[in-house]
Amino acid sequence: MLIVACIKQVPDTTQVQIDPVTNTLIRDGIPFIVNPYDTHALEEALRLKDRFGCRVAAISMGPPNAEATLKKALALGVDHAILLSDRVFGGADTLATSNVLSAAIRKLHSDVDEVGLVLCGKQTIDGDTAQVGPGIASRLGYQQLTLVDRIVDLNFSGKIIRVSRKLEGRHEIVEAPLPAMLTVVRELNRPRYPKVPMRLAAAKATVEVWNNQVLKLDEQKIGLKGSPTWVSKIFSPDRAVGEILGDGFADPEGTAEMLIEKLLAKDMLPI
Amino acid sequence: MPQQTVLFTPLLVASVAFFAWSLYRQLSLVGLGKPDAGGTDYVRSLRSMLVYAFGQKRILRHPFGFNHLLMFWACVFLVVVNIEFMLEGIFPSLSLAKLPDRIYFPICFISDILSALVILAVVNAVIRRMFFPAYAQARTFEAFVILSVICVHMLAYFGINASEISQGRELAAAYMPVSNVLAGLLVGMTAEELGLFHVVSWWTHAIALMVLMNLLIPYSKHLHVFTAIANCFMRREGKPNVLPLEAFVEGNVFGAGQVDLFSRKDLFDSFACTKCGNCQNACPAAFTGKAMNPRLLVNDIRVNLLVNGSRLKRGEAPILPLIGNGGEGSVSEEALWNCTTCGACMESCPVFIEQMPKIIQLRRHLVETEAQFPEELLNLFENMEGRSNPWGIAPSERAKWCSQLDVKPFDKNTTEYLFYVGCAGSFDSRNKHVSVAMAQLLDRAGISWGILGKDEKCCGDSVRRLGNEYVFDKMARENVEIFRERGVRKVITQCPHCFSTLKNDYRQYGLELEVIHHSELLRNLVQDGYLKLNGTAGEMGAVVFHDSCYLGRHNDVYDAPREALRAATGTAPKEIGRNRNNAFCCGAGGGRMWMEEHSGERINLTRVKEALEEKPDTICVACPYCLTMFEDGLKDVNADGVKVLDVAEVMAEAVLR
Ligand SMILES: Cc1cc2nc3c(=O)[nH]c(=O)nc-3n(C[C@H](O)[C@H](O)[C@H](O)COP(=O)(O)OP(=O)(O)OC[C@H]3O[C@@H](n4cnc5c(N)ncnc54)[C@H](O)[C@@H]3O)c2cc1C
Ligand code: SF4
Ligand code: SF4
C-alpha cells in the first residue's frame, strides 16, 4: 500500500512582496518553506507508515529548486521523493496543477504500489485556493474528504476510512471507501523534527525528477496553456501608515490614558 | 608476635590484591569512553592539584571546610604511619622505632597529636551531618559508616600505643601526650590483661584499615580520596563553557545516548564525586524543586557505567538505559530539560566535575538522534533554522529598532566596531530600548561603529545549549563566513549569550574576534573620558546588580558592570546575597527562555525575591534575558516602583539626560 503526500514549496509569506509591474510574486531572494499545511499531511502519512508499515511517497510540482522541499521530506522518512518539474508545467493554475499531480499519482499507482490515500494540505499560504486537493480527487475518481483534523478509523484491507472534518463551530464524522484524498488542517497532528542521521542521508540522496517526457501529458492540459484562469491584477491594498503616539515604556500611565481617550472618542469602548 | 604475623600476612596480601583489583575493575571502565583532546600543560595541572586538592581551596569556602582540610592532611600523614604498621605486621623487625631518635620521636609526637585531631574532626563531621547537613539526603548510612570506621581505626591506634606505653615497650612514650593520658587509664591492669588489650587494639586497627581499603575506598564515595586528587590534576584549561564540535558525516553518532559515548574525562568525573552536594545547592533547578540534580546526574552516570560496563566491554548493548525513567543509573528527560546551563554546579564543585557539558551531550542525543524534546522547542528550532531568530520574525525586520536613528552599516574599511545587536536587542520591544541607549552612547563617545542590519543573524546560543548542534553548526558557519567577508575584528555585544558565543564558541571555527560586552566598553569609555557624566543617574535610588551567568561565571566579567554602575550613579551598586560567581541564575539560559516552567517554584521569582531583600529602587542587569525574567518576576510580587534597567540604560541616564 502506498500513501502519497502532496507538498508544495512556498515562499516564506512573512517576507513576500508583489511586483507592482507584473503583478506576480517576487520570488527572488525570498527563502522557501514547505507549505505549513503540507507538513501536517506529510506527518500523517509518516504516522500511518509507522502504524501500518505502508510506504510513503512525497510529490511536489515546482521549479528545480523545489528539490529542497523533497529533501526535507526524505529527512523525515519518506520512501520516495519525486519532483515534477518541467518548463511546460510552469505557469499552471489549479486545474493544470491538478492534472500534473494526478498523472504522477497514477504513475506511482502503476509503477510502485497500489495507492490507498492521497494527503494534501488544506490550502497553500501563497495561492490560498484550496482547490488542488479536490482537483486531484475528481481527476482520479477518489473520494474527497476535506478539512480533516483526525483520522478516526482506517482499514486498508476493508478499504474504508472514517475521519473527523473540522467545520466552523462543529465537527463532522465522515466515512468513505478507499482510495481517498484528504486535505488536512493543522490540528491533525504535530509534525516531527528530522533526526540528524536522516538529514545527512537525505542530503546525499537524489530526488527523482519527472518531466513531461515521463508523464506524457497533453501540453494543452498543463502549464500556462492548460490554465483557463488568468490573473489580471495582484496588488497590496493601500493601508494608511500608522503612527506612534506614545511611549508606553517611558510613560505607561499617560500612554494608557491617551489610548482610552482615543478609543472613547471613536466609541470603541463599551460604557 | 609470630602468630599475628602468620595471620596478618596473608590477610594483608589478599587485601592489597583485592583493593588493587577493585580499583582496576572500576576505573578501567573509564577507558570505554571517547578519548579527550587533553592538554599537556603539566605545570598547570600540578599547580591545580596543589592548590585545589592539597590546598583544598574550594572546600575552604564552606564553614566546615577547615575540618575537611584537617582530616585530609592528618590522613596524608597517617597513611605513612599506616604503611609502617602494615610492614611491621609482616616483618616485625621493620619498625619506625629503628630510626634514630631525632626522627622517630617527632614522628611519634606528630602522629599522636594528628590522630587525636582526626577523632575530633570526625566528631565534628558527625555533628555537622546530624544537625547541619549540606543537603537533606546527606545523612546516609554510608557516610556514617565511613566516619565510624575512621574513628574506630584511630581509637584502636591509641589503644595500641597506650598498651605499649603501659608495657614499657614504647621508646617515644614521653613524646606521645595523648597516648600517655590514655595509658594512665590502663594502670592497674595485669601484664596479661595488657597483652590482651594490645592484641585486641592491634587487630581492631588492622581490621578497620582493611575495611577502609576493601569496602569503603573502592565501593563508596570515599573513593574520592584518590580520584578527587586526580580530577584536580586533570582540571580543564579555561572555562568549561563550550563542548567539542560534532562532525556531520554519515555514520557518526551524535550526542551521548549511551554511557560509553561520554568522554573518558566525563566518566572519570563520575568516580571523583564526593557527594558533597555543593552543586545541588547552587543549582537553580534543584533549588526550586525541579527534577535535575547535578549530584545525582554524576552519580547516575557512574552507576550506569558500573551496571553496563562489562557488557559494553564485550561489545554488547547496555541493559540499563542512560536516559530513562530517572531511577538510579538513568537520567530523566525532564531533568535534562530543566538545566539552565548556568554553570553554578561546576563553579561550586570542589573537584572540578563538569556537569553541564554532560547534560548538553545528553540533550544532543535527544535532539539529534531521537528528535525528542519538549514541544515548545519545535517552533524555536524551526524559527532559528528558517529565520535565524527565536520568534520567527522576518529577518528583514532586524534593523527596525533603529529606524528613527542614524545608524550606519558596518563598513570593512572605515568602521572599527561592529555593534552586534542580537535577536533580543533587535526584536524584543523592551530590549530595543537598550539597543537605542547603546547606539546613543556610542555616538556620544564618538566611536566608529556600525551594524550588519538585515544581514545580522542569530548567534545560535540557545540552540547550541539545547543540544541542537546540527542547526548551531549551520548558523555558526554562516556567521563566521559573514564576519570574515565583512572584515569584522572587534565586536560589541549587549547580550552575554552573544558575547560568550562569539568569543568562545566561534573560536572553535577558527574565528578570533575581539568581543567586548557593552558593560566593559561603557566602563572603559567613562574611565578614558569619552563619556562625560552629568550625575543624574544618582536619582535612580538604590541600585542592586544581578550577575548574568554567561557574563560572570562563564566569562569572569564581574567588575566591569559594577564599575560602570558606580561611575554612573556615584555609588557602588548593592549586592544580592548570592552574587558574582555564586550568583543565582534568572532562569532563562540554556534555552530555558523559550520553554515553560512546569514544576517547582519559578526560578525568576526566586531570584527577584532575593534581589528585593536588598530593598532596591532599581534592579540593574546586563543581559536581555535577565531583563525579561526580572520584569516578569516583578509582576508577581508586590514591589511597587521597583524598576529593572540594563547597565546601558542607567549609563544613558547619567550621560544623555
Ligand atoms: C488564478 C490563478 C493564476 C495563477 N497563475 C499563476 C502563474 O501564472 N504562475 C505561477 O507560478 N503560479 C500561478 N498561480 C499559482 C498556482 O496556480 C498555484 O500555486 C497552484 O495551482 C496551487 O494552487 P494553490 O497554491 O492555491 O494550492 P491549494 O489548492 O491551496 O493547495 C492545496 C494542496 O494541494 C497540494 N498542492 C498544491 N500545489 C502543489 C504543487 N505544486 N505540488 C504539490 N502539491 C501541491 C498541497 O498539498 C496543497 O496544500 C496562479 C493561481 C491562481 C489562483
Ligand atoms: S548548569 Fe546550572 S542549572 Fe544546569 S545543572 Fe548545573 S547548576 Fe543546575
Ligand atoms: S559533583 Fe562535585 S559538587 Fe556535586 S556532589 Fe559531587 S563533588 Fe560535590
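Two strands are taken to pair if DSSP finds at least two bridges between them, and helices (H or I, at least four residues) and strands (E, at least two) are DSSP runs numbered from the N terminus. The model is predicted, so that local features need pLDDT of at least 70 and side-chain atom pairs count only at pLDDT 80 or more, whereas totals for chains, interfaces and linings use all residues. Residues are numbered from 1 along each chain as its sequence is written, chains are lettered from A and ligands numbered from 1 in the order in which they are written, and side-chain values use heavy atoms, with hydrogens and water left out.

In chain B, four strands form an open sheet with parallel pairing, in the order β4-β3-β5-β6; β4 (449-450) and β6 are its edge strands, each pairing on one side only. Strand β3 (residues 417-420) of chain B is joined to β4(B) by two bridges, and B:Leu418 stands opposite B:Gly450. Four bridges connect the parallel strands β5 (residues 490-493) and β6 (residues 514-517) of chain B, where B:Lys490 has B:Glu514 as its bridge partner.

Helix α23 (residues 559-569) and helix α26 (residues 647-656) of chain B pack at an angle of about 25°, their axes lying 9 Å apart (axes are lines fitted to C-alpha atoms, for helices over the stretch in contact, and angles run from 0 to 180 degrees between N-to-C directions). The two helices, α23(B) and α26(B), are therefore roughly parallel to each other, a term that covers angles under 35 degrees. In this contact (heavy atoms within 4.5 Å), residues of α23(B) including B:Pro561 and B:Leu565 meet residues of α26(B), among them B:Val650 and B:Met651.

Notes: Angles under 35 degrees count as roughly parallel, over 145 as roughly antiparallel, 65 to 115 as roughly perpendicular and the rest as oblique.
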